[in-house]
Amino acid sequence: MLLQAKEPLRKMLSAATGYYGGLVQSYSLSAYGLRHSLSSSMKASRHFIPCKARSLSQFSCGGSSADQEIVIAMGSNVGDRVSTFDRALQMMKSSGVNITRHACLYETAPAYVTDQPRFLNSAIRGTTRLGPYELLKKLKEIEKDIGRTGGIRYGPRPIDLDILLYGNSQIHSETLIVPHERIHERPFVLAPLVDLLGTSCDDGIETSWHSFSKCSGGFFELWNKLGGESIIGTQGIKRVLPVGNHLLDWCERTLVMGILNLTPDSFSDGGKFQQVEAAISQVKLLISQGADIIDIGAQSTRPFAKRLSPKEEFERLIPILDEITKIPEIEGKLLSVDTFYAEVAAEAVKRGVHMINDVSGGQLDPGILKVAAELGVPYVIMHMRGDPSTMQSEKNLQYGDVCKEVASELYTQVREAELSGIPLWRIVLDPGIGFSKKSGDNIEVIAGLESIRREMGKMSIGASHVPILLGPSRKSFLREICDRANPVDLDAATVVAVTIGILNGANIVRVHNAGYCADAAKVCDALHKRRRWEN
């Protein structure tokens, strides 16, 4: 039995490796498979022999006696698609579905009936005590409440909710087929479904689900057969971030985030932009240099910085923010607020900010997670241990494998954010350069972004695909390496760090000098496109 287990495991891991297009390295049987196979023959049997389908007679119109893990696909191509998804999520939660994980968001070309608008597609994973037919009834009621009517099959619809998977059950009746019968032919279904899985194969229910694919490599193999990651970014399917009134394809090009510090004590430019005129002038300069996003911060997070109260931060931020929103140059650009306070974030978004950049990822003010969920804006989760006053303590600087530990700790924060109601498709990750890290750790992280994504993928493939924001600009580790006292003299070193980061998978770079880094990003993007064309 153990020998029988090894080959399916090898194929599934091989498929997972192929899924990443070479990003995920193969896991050896000695390092992974043997460790799990030898634990017990019973465990091996449970993991690799397809589960017997539960019979239809086990399900009535009533509820289930135990929580069942489920996957529900979502689609929309009529009206405000993002708002419709938000509404559907809330209605599912109110109908007995506990949403635990979200897939990324995809904009896709219509299938079958092609003369119609493009779709948004995603999926959620959760638990429910509703029986499958009761769940189906609830989903149909949600579709109707949102405005779906009969229409033509595969035609336009404001919302489409399908049960892809229900526990370890296979159901085939006139009204319900689980797993969904067309999973194997639909990239717009397989991409979100795979997002809800991990490559580690540790999850028993995921192993059951993979067995339903009828492929030795599971759903990873099915996805690879349709093109896998190689088709993401094509006209057929794009991974997108809803921000403002736009769907941002962050893989199309690197975004440049220009820094505006309104603080008297920031390490690089403290005190320079506290007056409205100086701040406006700096914003115009950053935009002229090529900044796509302006990140406005009124609280210093340098090591050992004194923490302001929300009221103090608010008083420093709002007068300048209000003026920035009025300048014509800001049209078409995005505004970000750098804060860890829920009430500051809420007021900033109310006044025109498009995204929240939280250096604590919800650790310093847990209320910000609920606020970000309610506001429906992108939320940046940064890795930091402790707070600015303790982050550089000896305890917080201890790592065995810095990339692995950063990935693990970031994923814990992602899970908290998702459980608070922030969909994965609104999350951006920042590995926290200069926060709770020694100089060597910062170098390891910048060069190891692909490793961080791989580690994330073991737990959640979707989480491994979210945008990564990198902020090495003028940080002290560059000063130590280059032996330069003036932070402005570190712009050349910043360009090098940014370039390495982009080539290793950063999607957004946060910098003081937008011009140099915008040029570096263009060169890196050209290299990325050439590599993709060659592959």
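View 1. The model is predicted: local features need pLDDT of at least 70, side-chain atom pairs count only at pLDDT 80 or more, and totals for chains, interfaces and linings use all residues. Residues are numbered from 1 along each chain as its sequence is written, and side-chain values use heavy atoms, with hydrogens and water left out. Arg-426 sits in the loop between helix H13 (402-419) and strand E15 (427-430), while Asp-86 belongs to helix H4, so the bridge links parts 340 residues apart in sequence. Helices (H or I, at least four residues) and strands (E, at least two) are DSSP runs, numbered from the N terminus. Asp-86 is partly exposed at 23%.

**View 2. Glu-107 and Arg-81 form a salt bridge.** Their N to O separation is 3.1 Å. Glu-107 is in strand E3 (residues 105-108) and Arg-81 in helix H4 (residues 81-94), so parts 26 residues apart in sequence are tied together. Glu-107 is buried at 17%. Arg-81 is also buried, at 17%. The whole structure holds 27 salt bridges.

**View 3. Asp-387 meets Arg-307 in a loop-to-loop salt bridge.** The closest N and O atoms are 3.5 Å apart. Asp-387 is in the loop between E14 and H13; Arg-307 is in the loop between strand E11 (293-297) and helix H10 (310-324), so the contact joins parts 80 residues apart in sequence. Asp-387 is buried at 16%. Arg-307 is partly exposed at 39%. Elsewhere, Lys-140, Glu-143, Arg-148, Arg-157 and Asp-160 form one network of salt bridges that share partners.

View 4. In H12 (residues 367-375), Ile-368, Leu-369, Val-371 and Ala-372 are buried. Gly-376 follows H12 with a positive phi, near 65 degrees.

**View 5. Ile-381 is buried in strand E14.** Its relative accessible area is 0%. E14 covers residues 379-382. Beyond neighbours within four places in sequence, Ile-381 has contacts (heavy atoms within 4.5 Å) that include Asp-358, Leu-410, Val-414, Ile-427 and Leu-429. Its C-alpha lies 9.1 Å from that of Gly-432, 51 residues away along the chain.

**View 6. The largest nonpolar core has 111 residues.** Such a core is a set of buried Ala, Val, Leu, Ile, Met, Phe, Trp, Tyr and Cys residues joined through side-chain atoms within 4.5 Å. Phe-219, Ile-294, Ile-296, Leu-317, Ile-324 and Ile-356 have the most contacts inside this core. H13 gives the most to this core, eight residues. Domain 1 (68-239) and domain 2 (253-534) each supply at least three residues; the bounds come from an automatic or database domain assignment. Beyond its neighbours within four places in sequence, Leu-317 touches Leu-262, Ile-296, Ala-298, Val-337, Val-344 and Ala-348. A second, separate core of 30 residues includes Ile-70, Leu-135, Leu-136 and Ile-171.

Note on methods. Buried < 20%, exposed > 50% of the residue type's maximum accessible area, 1.4 Å probe, protein only. Salt bridge = Lys/Arg side-chain N within 4 Å of Asp/Glu carboxyl O.
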